[in-house]
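Please keep the sequence and the structure in view while reading.

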Amino acid sequence: MLNSSKMIIEKLKKAGSIETFPDKKAFYIFTTDDLNNLPENMRELDYKKFKNEFVVYTGITTSLKKRRHLNGTARNSTLRKSLGSLLSLERKYLKENKYRFISIDEERLSKWMLSNLKMYYATEENDLNELEQDLINTFNPPLNINKNYNVANEEFRKYLKELRNKKEQ
């Protein structure tokens, strides 16, 4: 792991309420302390741990305050799109094959995420792209499809990508 990765991992702190998120560049991870909280087809995967919790996703953003994983829609969140697809939520298609989930399912997904996942973040002023790749390599989060070249969980990521791209009949 690069020195910058080690330093930022040490800076990670548990997220408080969404209203307190800073309007700054940040790196974040989502974890769970119990694999039984996850969709069934995620429970037998290989996981790396952070603070004795299983890392399921990592990301970077130019503004943590504006990043809407916990209370947005799947239209603008790959994390929500992946989890909602695994949980078989009903899609509402928009233009150009983009979709979100129907409103009631987006609300259910937000509640599910707040109940079952923990978020840690650290603000960072330096370029995060290289750091993001290093952290994906380090943690191998199963919900990170792009830039994840780890052989562990590879079949699951292929399945997830197909599931997310599947058109409803």
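In which loop does Asn140 lie? Asn140 lies in the loop between α4 (129-139) and α5. The model is predicted, and the values below were computed from it.

Asn140 is not a glycine, yet it has a positive phi of about 45°. Most residues other than glycine have a negative phi. Asn140 is also buried, because its relative accessibility is 3% and buried means under 20%.

Leu143 is found in this loop between α4 and α5 too, and with 2% relative accessibility it counts as buried. Leaving aside neighbours within four places in sequence, Leu143 is in contact with Met42, Val56, Tyr57, Leu79, Ser82, Leu83, Leu86, Phe156 and Leu160. Met42 is 101 residues away from Leu143 along the chain, while their C-alpha atoms are separated by 9.3 Å.

Asn144 likewise lies in the loop between α4 and α5 and counts as buried, at 5% relative accessibility. Residues up to four places away in sequence not counted, Asn144 touches Val56, Tyr57, Thr58, Ile136 and Arg157. Between the C-alpha atoms of Asn144 and Arg157 there are 7.8 Å, and along the chain the two residues are 13 apart.

## How α2 packs on α5

At what angle do α2 and α5 pack? Helix α2 (residues 78-86) and helix α5 (residues 154-165) pack at an angle of about 90°, and their axes are 9 Å apart. α2 is therefore roughly perpendicular to α5. On the α2 side, the contact is made by Thr78, Lys81, Ser82, Ser85 and Leu86. On the α5 side, Phe156, Tyr159, Leu160, Leu163 and Arg164 take part. Sorted by class, this contact of α2 with α5 has five nonpolar, three polar and two charged residues.

## What covers α2

α2 is mostly covered, with eight of its nine residues buried. The buried residues in α2 are Leu79, Arg80, Lys81, Ser82, Leu83, Gly84, Ser85 and Leu86. The cover over them includes the strands β2 (26-32), β4 (53-61), β5 (91-93) and β6 (99-101). Helices α3 (103-116) and α5 are also included.

After α2 comes Ser88, whose phi is positive, near 60°.

## Aromatic pairs

How many aromatic pairs does the structure hold? The structure holds eight aromatic pairs. A pair of aromatic rings is described by the distance of the centres and the angle of the planes. Tyr93 and Tyr99 form a tilted pair, at 5.6 Å centre to centre and with 55° between the planes. Tyr93 is partly exposed, with a relative accessible area of 32%, whereas Tyr99 counts as buried at 4%.

Phe156 and Tyr159 form another tilted pair, at 6.3 Å centre to centre and with 45° between the planes. Both residues lie in helix α5, three residues apart, which is about one turn of the helix. An α-helix has 3.6 residues a turn, so residues three or four places apart point the same way. Phe156 is buried, with a relative accessible area of 7%, whereas Tyr159 counts as partly exposed at 37%. Phe156 and Tyr159 are also among the residues of α5 that make the contact with α2. Elsewhere, Phe50, Tyr120 and Phe139 form one aromatic cluster.

## Charges over the ring of Tyr99

Which charged ends sit over the ring of Tyr99? The charged end of Lys81 sits over this ring, 4.8 Å from its centre. That of Arg91 sits over the ring of Tyr99 as well, at 4.2 Å from the centre. Lys81 is one of the buried residues in α2, and Lys81 also takes part in the contact with α5.

Is Lys51 buried or exposed? Lys51 is exposed, with a relative accessible area of 53%. Lys51 is found in the loop between β3 (49-50) and β4. Although Lys51 is not a glycine, its phi is positive, at about 50°.

Definitions and conventions
Residues numbered from 1 in each chain as written. Predicted model: local features only at pLDDT ≥ 70, side-chain atom pairs only at ≥ 80, totals over all residues. Heavy atoms only, no water. Axes fitted to C-alpha atoms, helices over the stretch in contact; angles between N-to-C directions. Helix = DSSP H or I, 4+ residues; strand = E, 2+ residues; numbered from the N terminus. Parallel < 35°, antiparallel > 145°, perpendicular 65-115°, else oblique. Contact = heavy atoms within 4.5 Å. Nonpolar A, V, L, I, M, F, W, Y, C, P; charged D, E, K, R; others polar. Phe/Tyr/Trp six-rings, centres within 6.5 Å; stacked < 30°, edge-to-face > 60°. Buried < 20%, exposed > 50% of the residue type's maximum accessible area, 1.4 Å probe, protein only. Lys NZ or Arg CZ within 6 Å of the ring centre and 35° of its normal.
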